[in-house]
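Biologist: Can you take me through this model? I'd like to start with the ligand.

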Amino acid sequence: MKIGVTCYPTYGGSGVVATELGIELAARGHQVHFITYQQPFRLTGREQGIYFHEVAVTTYPLFQYPPYDLALASRMAEVAEFYKLDLLHVHYAIPHSVSALLARQMLEAKGIRLPFITTLHGTDITLVGQDPGYLPITRFGIEQSDGVTSISEDLKRSTLRDFEIKRPIEVIQNFVNCDVYKPDERLVRELRPRYAEPGERLIAHLSNFRRVKRVDDVIEVFARIQQQVPSRLMLIGDGPDRSLAEHLCVKHGIEDRVHFLGKQDSVQELLPLCDLLLMPSSMESFGLAALEGMACGVPCIATRVGGVPELVEDGSNGLLYNVGDVESMASGGIALLRDEAKLKTMAEAARRTAQDHFCTSRIIPRYERFYEQVAAG
Ligand code: GMT
């Protein structure tokens, strides 16, 4: 098929899912056209079967807010007509579903059919979409979509409830390529000494450092763990709460035990080095970072929120706690890191969960079937 994809191309779970999906679809022989303001960060521009179409937004002194949504709609319609796309797949409802709706209408006027699918990722529903200024238009975009998918059962439930949506929503959960994200002894031998001394544990956190990720809790938990278990913390990512994290490291006197790596493209080379991942978010509609860690054989200490329990089974492939309960997260982490046998069993269970339920080979065919269904009308 010929598929147009729109997403936020910078760091963030929805952009990662859109890009990885595009890569997997192109590898299966589909033609994938990304239509965004910037090339998605996990693409090199040299992938076979993948094309990138930049959306240029013209500014004018009159525009206090340049109309990106309109420029996007216009480009979507142009690309769809020129390349004879079968459908558009937009990731994150705001504003992408409304731009796709406009593009569909523009082409309808020319007698060209362009169905579109909206994938809901999380904050488009649970945070931004709930803003009274955005809710009616987000609901409209979802209702008008030719197909809607959600990345967890929990997100589907909250969308139906909070947006009073009546239409069907297909749940297609996040996925990971288990041949790329995997335990890797060679990497451990070669790279781990850069981040931890022999006999030390290495703990990771991977996020965009937004408030919802509770990076302060990551530091609080680690500050307690490192008092009992020799360990280091690897922080992968960057964002608004990075200075807060730095400030807390200084407060606890642990700045020399914490590696701030900033934004990283190849997290599959870093996650396998670690023993444990911390994801204490106040909300996660799925928790892709945890899944990527689990595929690498790294179990996760996470919060019992949103779609996380669909992935992490408490005590089996990870540990779950209430939001903000840093004391329990720290004692759970200390006990686990001290018990080599339990840690190994949990690491294996984490990897198995990724392979058995969330591997690309299981999830991508579900998208393909859904595309066929929507394209057929
Ligand atoms: O939280 C992020 O990392 C960004 C956000 C996004 O939309 O870019 O992520 C959401 O989508 C991910 C991929 O589907 C999910 O795995 C995350 O759980 C979800 N984040 C939240 O719900 C806070």
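Modeller: First a term: a residue is near a molecule if one of its heavy atoms lies within 4 Å of it. This is a predicted model, where local features need pLDDT of at least 70, side-chain atom pairs count only at pLDDT 80 or more, and totals for chains, interfaces and linings use all residues. Residues are numbered from 1 along each chain as its sequence is written, and side-chain values use heavy atoms, with hydrogens and water left out.

Biologist: How many residues surround the ligand?

Modeller: 19. The closest are His121, Asn174, Lys213, Glu284 and Ser285.

Biologist: Which side chain has an N or O atom 2.8 Å from a ligand oxygen?

Modeller: That of Lys213. It is a polar contact (a pair of N or O atoms within 3.5 Å).

Biologist: How much of the ligand does the protein bury?

Modeller: 95% of the 490 Å² that the ligand exposes when taken alone. Those areas come from the Shrake-Rupley method with a 1.4 Å probe.

Biologist: Which domains supply the shell?

Modeller: Domain 1 (2–175 + 360–376) and domain 2 (185–358) each give at least three residues. The bounds come from an automatic or database domain assignment.

Biologist: New topic. Where is the cis peptide bond?

Modeller: Between Ile94 and Pro95, with omega about -10°.

Methods
Polar contact = N/O pair within 3.5 Å; in protein donor to acceptor, adjacent residues only side chain to side chain.
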